[in-house]
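This note sets out several points for a colleague who has the coordinates at hand. Each point concerns one part of the structure.

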Amino acid sequence: MVTFNKKKFRFSDWLAEKVIKAVAFLSIAVVILIFIFVFREAFPIFKMDKKEAASTETLVQESYGGLGTDNSTVKSADNQVDNSNRKQTNDEKPSSSLLSKTWMPVSDNPRYGLWPLFLGTLKVTLIALLFATPISILAAIYTSMFAKPGIREIIKPVIELLAGFPSVVIGFFALMVMATVLQNIFGYASRLNAFVGGIAMGLAAIPIIYTLTEDALTAIPKTFIEASLGLGASLRQTAFYVVLPAAVPGIFAAVVLGLGRIFGETMIALMATGNAAMISMNPFDSVRTLSATIGAEMAEVVFGDIHYNVLFLIGSLLFIFTFALNALAEFYFKNLVVRKYQSKK
Amino acid sequence: MNRNVKDIIVESITGICVLVIIFIIVSILTITIVGGWPNLNWAFLSEFPKDGMTKGGIFPAIVGTAVMTIIMAVAAVPFGVITAIYLAEYANEKSVIAKTIRFAVKTLAVVPSIIFGLFGLGFFIGFVGKNMDSLFSGGELRWGQPNILWASLTMALLTLPVVIVSVEEAIRTIPRDMREASLALGATKWQTIRKVVLPGSVSGILTGTILAVSRGAGEVAPILFTGAVYFSSHLPHSLSDQFMSLGYHIYIMSTQSSNVDATQPIQFATTLVLLFLTFSLNAVAVILRYRIRKRTK
């Protein structure tokens, strides 16, 4: 930049730049370290599988005949071995019961079936999104399109206050107040359930979806709005047929980031969902989410135990999923927004 | 349907959505204040819990939260400020390095807080702490277990993006002319940063710090298994001590205490204290940020 200084080598400047650059790399290093260390603790599950699979080989051979008679439709011998092998591992090894349907980590015959947790997380996330998305987007439309400037200045910071609520406070409110109120309205059996948890997590996601949607809406060039109004469209028509479609990529990104928040939310899940790992499609049943499982059980597991590794495996899955969501919002949707305006300008 | 009628209906629906959100916010605040205020007094703030946590105050939780956030800020702020300086002053926006750092910061901001807890357990306690033990104390367990230092550092990683974003925003509001004037007078780039950019972004650094503290004070998931305890009979007096925290206290008291109903006043009052803390911090940050933004206009 400053070309006439170039000849003189200034040690302090050189050092400062190197140090600053090195420190800036810390963020990258932390992300990589999280990857390494969360996966490292999850990895032994797969290693154990191989070792135990080798040791149970003889067992598999023995049960071969018995299983063969059960499976009369199996065509080839190879297939049979595969089948019996799988059954064997399901019955014998806790570490490979990951795909089974029961989550019962603390028992004589521990089961680590992740399906109830997946289903629970899915249920809560869906309820939260169905609650938070429409209300946040409509509120953002009101704020950016219909509200008078003076009112807008009040609404925005007030709704953003919600982002400052610690999730344990929202969880506490859900546990103490919302659960009772909603139970009185809907009259379901278990007080804490997927519905209460979903609504509470929706509350945590509202400020994220609202703020980002509002930003996306206000980023639409004023010329769009003026052209539409000039052609005789009403403000409502302009908002829903001009501004909203133009802001769709930004709104998608907002919803995706809200989804990431809901998906990884731990404290609200721990406090308001009832924490019972069961397979049911009823939204008013108690559920246990992936993140709540980590939060509730990690404190009690033995360091290096299979249970410990499974919890880290769940953590790895959560991490991969939110990482992918963020990458999607960052690269795919941002590019869409950029391209859209470049082509229209 | 008449267009005007439709306009009014649709606009009212969007307006109602705003009102619903505001109603929820107001009711959380009201219920917390109504439930917590009667139990809030000086004794509650300055005493230890008594009678198996069913009576007494939350003094150790307040101190624990304060100490934890201070250590966290000491760790997070310098790194956050330097990263922000790099992004705003040195990095070429189009370079792969700058883009990667930006993406990493955004990733840190969206990674679920429980993952930070796992990372703290796996990295700080299981790796760094264990190795420190075998190096310094010959295998005696001191650092390889949850404590306030690891909890604070875990929290520091979580709040790093908060600091970076605020400080970078503040640095970018410093007019170009000032930098150019400094460079034209013969100052080097580092001198310019030290004497012009940093003093100009003090309020931004303060905003970032306050926001980070407010976030760190409220988060519970990262400290669940890196250092927070249900009850501690003394205040933390060394970095290898465990500590009580307000958020963790609320969680435990409302879900796992022996008598959830009897301790309800304590729970509400603790929530009120935590909410008051994060809110007042956020309010200060909002005012500071507003003043920074005004500078650019």
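What percentage of the 297 residues in chain B do buried residues make up? The figure is 48%. The structure is a predicted model, and the points below should be read accordingly.

1. Overall architecture of chain B. The secondary structure of chain B consists of 11 helices and 2 strands. Read from the N terminus, the elements follow the order α-α-β-β-α-α-α-α-α-α-α-α-α. The C-alpha trace of chain B spans about 80 × 70 × 35 Å along its principal axes. When contacts between residues at least 6 apart in sequence are considered in chain B, 75% of them join residues at least 24 apart.

2. The contact between the chains. Chain A contributes 68 residues to the contact and chain B contributes 69 residues. On the side of chain A that touches chain B, helix H2 (residues 26-42) of chain A supplies the largest share, with 11 residues. Sorted by class, that side of chain A comprises 46 nonpolar, 14 polar and 8 charged residues.

3. Helices H9 and H12 of chain A. The axes of helix H9 (residues 194-218) of chain A and helix H12 (residues 248-264) of chain A come within 8 Å of each other and cross at roughly 160°. Angles over 145 degrees count as roughly antiparallel, and H9(A) and H12(A) are therefore roughly antiparallel to each other. The crossing of H9(A) with H12(A) is right-handed. From H9(A), the residues making the contact include Ala204(A), Ala205(A), Ile208(A) and Leu212(A); from H12(A), they include Gly250(A), Ala254(A), Leu257(A) and Arg261(A). The contact of H9(A) with H12(A) has 13 nonpolar, 3 polar and 1 charged residues.

4. Helices H7 and H8 of chain B. Helix H7 (residues 176-184) of chain B and helix H8 (residues 189-200) of chain B have axes that come within 10 Å and cross at roughly 140°. This crossing of H7(B) and H8(B) is right-handed. By class, the residues of the contact of H7(B) with H8(B) are 4 nonpolar, 2 polar and 2 charged.

5. Helix H9 of chain B. Helix H9 (residues 202-218) of chain B has 17 residues, which at 1.5 Å a residue should span 24 Å. The end C-alpha atoms of H9(B) are 24 Å apart, so the model agrees with that expectation. H9(B) is also mostly covered, as 14 of its 17 residues are buried.

6. Gly144(B). This residue lies in the loop between helix H5 (113-136) and helix H6 (148-172) of chain B. Gly144(B) counts as buried because it has 23 C-beta neighbours inside 10 Å. Although Gly144(B) and Val128(B) are 16 residues apart in sequence, their C-alpha atoms are 7.6 Å apart in space. Neighbours within four places in sequence aside, Gly144(B) is in contact with Ile125(B), Gly129(B), Lys130(B) and Asp133(B).

7. Asn275(A). Asn275(A) is placed in the loop between helix H13 (267-272) and helix H14 (290-297) of chain A. With 20 other C-beta atoms within 10 Å, Asn275(A) is buried, the threshold for that class being 20 or more.

Definitions and conventions: Residues numbered from 1 in each chain as written. Chains lettered and ligands numbered in written order. Predicted model: local features only at pLDDT ≥ 70, side-chain atom pairs only at ≥ 80, totals over all residues. Helix = DSSP H or I, 4+ residues; strand = E, 2+ residues; numbered from the N terminus. Expected span 1.5 Å × (residues − 1). Buried ≥ 20, exposed ≤ 12 C-beta atoms within 10 Å, placed from the backbone. Contact = placed C-beta atoms within 7 Å. Nonpolar A, V, L, I, M, F, W, Y, C, P; charged D, E, K, R; others polar. Axes fitted to C-alpha atoms, helices over the stretch in contact; angles between N-to-C directions. Left-handed = near helix turned anticlockwise from the far one by under 90°. Parallel < 35°, antiparallel > 145°, perpendicular 65-115°, else oblique.
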